[in-house]
Amino acid sequence: MNLQAKIKRDIDSHALMSCENLDRQMAAIDFKSLARYSDDDSEAAYTVENGVATIDVRGLLVPETSSDYRSWGVTGYANLADYIQQANDDYTVTSIVLDIDSGGGYVAGLDGITETIYQSAKPIETFVSGDMYSAAYWLGASTSKITASKQSGIGSIGVYVVHTEESGWLERYGEKVSLFRSGKWKAAFNSFMPLTDDEKQRLQEGVDESASVFFNHVAAQRNVDAKTVKGWEGDVFTAVKAKELGLIDAIADSVAVSSGTNQSNTNPKTEGNQWIYKRRKPKLKS
């Protein structure tokens with residue numbers, strides 16, 4: 001199953017999403033190029049300048065991908081964890097910056113990547129070069145400092161699921177589906193008929209539970225009251241407003257300016273100050 005089909009399957013299966021605009025995120029992914037992808041097309045896992053490893057986080061955030069798809073608008077949490085570990089093992093690296101431009105993505109997989117960030121032996125900060133919404137904010141808030149460009153959008157803190165109902169479409173074409181089931185939870189949440197009240201409640205409970213974890217995560221990381229975070233109702237903010245609200249720490253124009261952990265690297269074997277490391281092939285399933 002290709003990546004596009006997997007994402008569609010997960011959405012149809014009511015995967016919890018933390019994404020500012022899922023349709024726009026999906027439209028931005030270059031699935032045609034992905035179909036022609038080879039390992040030779042992969043970009044660098046990270047770059048290193050003056051001891052700071054910069055790892056790009058781009059596009060829709062998904063639990064895992066078989067290769068590095070960031071250039072085409074998808075970042076896998078498991079891949080990202082692998083890059084952070086590589087940077088930790090790299091003697092030329094003294095600190096790490098996540099360069100984020102993402103509208104968010106899946107809730108599944110966030111626990112693993114945030115734990116990787118917490119366990120990093122080298123300090124990790126975030127620089128927002130584009131937008132940082134939803135799951136991307138969850139990710140960035142897990143680091144020790146967040147700096148954003150002035151044009152960045154920040155926020156959309158919350159969770160949702162998507163349910164597609166086809167009953168009206170079927171009726172229009174003269175089709176009617178009947179389900180005979182052994183209990184109300186067999187074939188629950190199907191697209192052939194409207195959701196029952198119990199099904200709606202079950203989906204909402206899942207959303208509320210995950211959102212509560214998100215609100216408390218932001219509260220703990222950013223020293224903001226969880227009720228205040230919930231009260232924002234998933235709203236998005238400019239970088240200036242986000243700084244006022246305590247969602248970011250500073251506004252700057254570049255990764256170099258953003259990082260307070262920049263250190264000189266005196267390795268005599270290098271030429272200049274920049275290194276580029278190709279990723280190891282992640283041991284992941286597509």
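Me: Leaving aside neighbours within four places in sequence, which residues is Tyr137 in contact with?

Reply: Good place to start! This is a predicted model, in which local features need pLDDT of at least 70 and side-chain atom pairs count only at pLDDT 80 or more, while totals for chains, interfaces and linings use all residues. Residues are numbered from 1 along each chain as its sequence is written, and side-chain values use heavy atoms, leaving out hydrogens and water. With contact meaning heavy atoms within 4.5 Å, the partners of Tyr137 are Met132, Ile146, Ile154, Gly155, Ile157, Phe214, Val218, Arg222 and Leu247.

Me: Which residues touch the most other members of the largest nonpolar core?

Reply: A nonpolar core is a set of buried Ala, Val, Leu, Ile, Met, Phe, Trp, Tyr and Cys residues joined through side-chain atoms within 4.5 Å. Buried means under 20% relative accessible area, exposed means over 50%, and partly exposed is in between (1.4 Å probe, protein chains only). In soluble globular proteins, nonpolar side chains tend to be buried together. Here the largest core has 65 residues, and those touching the most other members are Leu98 and Tyr137.

Me: What share of the chain's residues count as buried?

Reply: The chain has 11 helices and 11 strands; these are DSSP runs numbered from the N terminus (helices H or I, at least four residues; strands E, at least two). Among contacts with a separation of 6 or more, residues 24 or more positions apart account for 74%. Out of 286 residues, the share counted as buried is 49%.

Me: Are helices α4 and α5 roughly parallel or roughly antiparallel to each other?

Reply: For α4 (residues 77–89) and α5 (residues 110–119), the axes come within 9 Å and cross at roughly 10°. Angles under 35 degrees count as roughly parallel, over 145 as roughly antiparallel, 65 to 115 as roughly perpendicular and the rest as oblique. The two helices, α4 and α5, are therefore roughly parallel.

Me: Which residues of α5 make the contact with α4?

Reply: On the α4 side, the contact uses Tyr77, Leu80, Ala81 and Ile84. The residues on the α5 side are Leu110, Ile113, Thr116 and Ile117.

Me: How far does helix α8 reach from its first C-alpha to its last?

Reply: The expected span of a helix is 1.5 Å times one less than its number of residues. Helix α8 (residues 197–222) has 26 residues, for an expected 38 Å. Close to that, its computed reach is 37 Å.

Me: Which elements do the buried residues of α8 pack against?

Reply: The buried residues of α8 include Leu203, Phe214, Val218 and Arg222. Together, the buried residues of α8 pack against β1 (17–19), α5, α6 (135–140), β7 (146–148) and α9 (226–231).

Me: Is Asn223 buried or exposed?

Reply: Asn223 lies in the loop between α8 and α9, and has a positive phi of about 55° although it is not a glycine. Its relative accessible area is 75%, so Asn223 is exposed.

Me: And is His14 buried or exposed?

Reply: His14 also has a positive phi, of about 65°, although it is not a glycine. You can find His14 in the loop between α1 (3–12) and β1. With a relative accessible area of 13%, His14 is buried.

Terms used. Axes are lines fitted to C-alpha atoms, for helices over the stretch in contact, and angles run from 0 to 180 degrees between N-to-C directions.
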